[in-house]
Amino acid sequence: MEPIHLNKRQARRFLLKHQGLWPPYQLSDKTEIVNFIQRVGCIQFDPLNIVGNNPELVLQARVNDFKQNLLKELLYQDRLLVDGWDKMMSIYPVEDWPYFNRYREAARQRLGDGSTPVAAVLPQIRKAIEQQGPLSSIDLDFDQVVDWFWAPTRLARAALESMHAWGELIIHHRIHTRKVYDFASRHIPEALLSAPDPNEIEQQYHDWYVLRRIGSLGLVWNKAGDAWLGMRGIKSKQRNEALAHLLERGKVIPVDIESMNESFYIRSEDRHTLEQVITYHLTDPRAVILAPLDNLLWDRRLVEALFDFYYRWEVYKPAAERRYGYYVLPILYGDRFVARFEPGRDKASGALVIKNWWWEREINPSPKLLSELNNCFLRFLEYLGTDTLKIDPSSAAESGLDWLENNTR
């Protein structure tokens, strides 16, 4: 198949259009949220909550007047989405449940050894959930400490997480970061629970997953990186073979980008979106605050190459090794990243706090840009449920943010 030729600006705008960010704030209700997640496969979950957790931040950038209860309803009332494992911890459409049978069976083989402490308490846990309904680890008295993935943990937690990993339990709801579990059979349709894996052989699974991950970003290159993490059993060899199969079957289209020597790929089904972007000119660019694990940012080296924007999430780095800060969010304006800032919340008032601010190099803030940034922060305050913004005095002085404080208080 002949490659499509793009310049960098066209490639950037296609990525943003695919991600619901060209322009942002275009989704309006739960149906459109589900449609977006179906398009990208999943959004990544992380429980760290500075100004909302990661999936909430992903959606506030795309959904007009986003409220956190919308996502909770889709997950824990409507059951159209599930907490699962895809790109690490993720949220994905419930209809995708059968495609992850391999994940669950691998977890059962790995964690379901009958000789482990977990196995010994499973009958009691099942009985407790049957009789009492949804439970979290603090509701169970299994306090023995056992080795676990991240660190030694209570047996109750290890058992519940094991049952969740192999699909016996789902997350019924969350209380802040605490997970409350119930039987999957009570909430997921039997037709999905009993459905066979649609991918009968490993090669079909590899092809499906590589195509899914291309859709999660929109545009990819075949280079090692975070974009390909979390794909069970798929390394570079399997990825190369899958891409060759997908090209042969016409499921993906090769893309050449001006002045870049790498091969890029999009899904064939996204060609219409690409053609729209090439001919569409956004005359009224908007500013938007992105999540640290936004799908757009999964391949940070690709973002750096296309947008000339270096970004790393530095929460797990020692303070002395951080280039910017502990929890820093990028700000996109049109098809350019213009700034980043380190947010916080005032515990007493709930106000949004800007601890630090960094303009990108060569950004000379125009009145139009400043006005749109002001609108962006007004939206962000509404999403957080506050009408107050505080700015660290040193950051305001160094970065010239008096206009923002004055216009949003």
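Begin by selecting His 18, which lies in helix H1 of this predicted model. His 18 has a relative accessible area of 2%, and because anything under 20% counts as buried, it belongs to the buried residues. If you display its surroundings, leaving aside residues up to four places away in sequence, you will find that His 18 touches Arg 39, Val 40, Gly 215, Leu 217, Gly 218, Arg 267 and Asp 270.

Now widen the selection to the whole of helix H1, residues 8-18, together with helix H11, residues 271-279. The axes of H1 and H11 are 9 Å apart, and the two helices pack at an angle of about 125°, so they are oblique to each other. The crossing in which H1 passes H11 is right-handed. To see the contact itself, show the side chains of Gln 10, Arg 13, Phe 14 and Lys 17 in H1, which meet Thr 273, Leu 274, Gln 276, Val 277 and Ile 278 in H11. Sorted by class, this contact of H1 with H11 comprises 4 nonpolar, 3 polar and 2 charged residues.

Next, follow the chain into the loop between H1 and helix H2 (30-40), where Pro 23 lies. The peptide bond that joins Trp 22 and Pro 23 is cis, with an omega of about -5°. Most peptide bonds, by contrast, are trans.

Move on to helix H5, residues 101-111, and colour Arg 102, Tyr 103, Arg 104, Ala 107 and Leu 111, which are buried. Around them, select strand E3 (81-86), strand E4 (88-93), helix H7 (155-165) and helix H9 (202-217), for these are the elements against which the buried residues of H5 pack.

Met 88, found in strand E4, has a phi near 60°, a positive value in a residue other than glycine, and with 30% relative accessibility Met 88 counts as partly exposed. His 176, in the loop between strand E7 (169-175) and strand E8 (178-183), likewise has a positive phi, near 60°, and at 77% relative accessibility His 176 counts as exposed. Most residues other than glycine have a negative phi.

Finish with the cysteines: how many disulfides does a search of the whole structure find? The search returns 0 disulfides. Select Cys 42, which is buried with a relative accessible area of 0%, and then Cys 376, which at 1% relative accessibility also counts as buried.

Notes. Residues numbered from 1 in each chain as written. Predicted model: local features only at pLDDT ≥ 70, side-chain atom pairs only at ≥ 80, totals over all residues. Heavy atoms only, no water. Disulfide = S-S within 2.5 Å. Buried < 20%, exposed > 50% of the residue type's maximum accessible area, 1.4 Å probe, protein only. Axes fitted to C-alpha atoms, helices over the stretch in contact; angles between N-to-C directions. Helix = DSSP H or I, 4+ residues; strand = E, 2+ residues; numbered from the N terminus. Parallel < 35°, antiparallel > 145°, perpendicular 65-115°, else oblique. Left-handed = near helix turned anticlockwise from the far one by under 90°. Contact = heavy atoms within 4.5 Å. Nonpolar A, V, L, I, M, F, W, Y, C, P; charged D, E, K, R; others polar.
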